[in-house]
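Dear colleague,

I am handing over the structure we spoke about, and my notes on it follow below. Please read them with the coordinates open beside you.

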Amino acid sequence: MTTVTTEDTLAPVQPAKHRAEVATSLPPARGQSFLKLVTIELRKSVNTRSGRVLIAAILLIALAALAWQVTHLPAGDVTFDYLLSAAVTGVMLLLPVIGVMTMTSEWTQRTALTTFTLSPRRVRVQLAKFASAIVLSVLVLSVVVLLTLVTTALTGAVTDHAASYAGLGGLFAGAYLTVALNVVMGAAFGAVIPQTAVGILAYFIAPTVWSMAGPALFKDNAKWLDVFGALGRIAERDLHGAVPETLTAVGVWIVLPTIAGLWASSRREVK
């Protein structure tokens, strides 16, 4: 007859107890903060060759536009508004590409599996991408604004044209708000269409086709979906009594694609 001692009965329990003690001694796992996610996405945007080339191209285009305006000044004062409107033309055209590339990078570079394994809450990651695209675009626009301010001051100092900075507050508000909306629209198209080239084409072609075909098909009612007209009114800080039309165009071209992009990204198969 085998005698079972107290030590024998407790022996199998000790490893499990030991594991529990080790588990409770480990610090609790913490999720990444939203600010951390935004910082990571910003680093991704500027660490790639395509991202750096795009930012450099935007700044070079702005400098070229400023140089052209300075060498072809009209009579009278040289105004900050006059130079800024020329400098931001190319900027407004290319900055939304940052939004598209930010949203499509995970899928075109096949890093989605790694990203969403480390941060499983996809919508939170996608919102961080939207935020990082806006922040990066605002930083680039701020550099363009600073270049314009310096150009205005130097032109007034070395030529017989007086420098004027009238209406700076309104100009800044219109420029930054318009850039933010353009970038969000580009990011929304990138979220819906996870291929960079196709997303960029869709962003440029779809509203352009509507702006040309809409008036022929729907006459004056086409302005309800004219996002270019809506953004132009916002940039001018004057909605010209077209508040419903402006809000409708922004809702259809910016808000709805954003919602659809977040929904599609949260359900897209990760390979």
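With which residue does E41 form a salt bridge whose closest N and O atoms are 2.9 Å apart? The partner is K129, a salt bridge being a side-chain nitrogen of Lys or Arg within 4 Å of a carboxyl oxygen of Asp or Glu. This pair links distant parts of the chain, since E41 is in helix α3 and K129 in helix α7, 88 residues apart.

Before going further, some notes on the basis. This is a predicted model, in which local features need pLDDT of at least 70 and side-chain atom pairs count only at pLDDT 80 or more, while totals for chains, interfaces and linings use all residues. Residues are numbered from 1 along each chain as its sequence is written, and side-chain values use heavy atoms, with hydrogens and water left out.

As to the overall fold, the protein chain has 11 helices and two strands, where helices (H or I, at least four residues) and strands (E, at least two) are DSSP runs numbered from the N terminus. Read from the N terminus, the order of elements is α-α-α-α-β-α-α-α-β-α-α-α-α. Of the 271 residues, 38% count as buried, a term that stands for under 20% relative accessible area, with exposed meaning over 50% and partly exposed what lies in between (1.4 Å probe, protein chains only). The accessible surface comes to about 15100 Å², and 69% of it belongs to carbon and sulfur atoms; such areas come from the Shrake-Rupley method with a 1.4 Å probe, and for residues only the protein chains shown count as cover. Among contacts (heavy atoms within 4.5 Å) between residues at least 6 apart in sequence, 75% join residues at least 24 apart.

Returning to the charged pairs, the count of salt bridges comes to three. E41 also forms one with K44, where the closest N and O atoms are 3.4 Å apart, and these two residues both lie in helix α3 (residues 34-47), three residues apart, or about one turn of the helix. E41 counts as buried because its relative accessibility is 4%, and K129 is buried too, whereas K44, with a relative accessible area of 30%, is partly exposed. The remaining salt bridge is that of K223 with E245, at 3.9 Å between the closest N and O atoms. K223 lies in the loop between α9 (196-218) and α10 (227-235) and E245 in helix α11 (residues 243-267), so this pair ties together parts that are 22 residues apart in sequence. K223 is partly exposed at 43% relative accessible area, while E245 is buried at 11%. Shared partners join E41, K44 and K129 into one network of salt bridges.

Two further residues of helix α7 may interest you. Q126 has its place in this helix (residues 122-158) and counts as buried because its relative accessibility is 1%. Its side chain makes a polar contact with the side chain of S265 at 3.0 Å, a polar contact being a pair of N or O atoms within 3.5 Å, of which, within protein, one must be able to donate a hydrogen and the other to accept it, and residues adjacent in sequence count only if both atoms are side-chain atoms. Leaving aside neighbours within four places in sequence, Q126 is in contact with M103, F116, L262 and S265.

G156, also in helix α7, counts as partly exposed at 23% relative accessibility. With neighbours within four places again left aside, G156 is in contact with V78, H161 and A163, and its C-alpha atom is separated by 8.2 Å from that of D77, 79 residues away along the chain.
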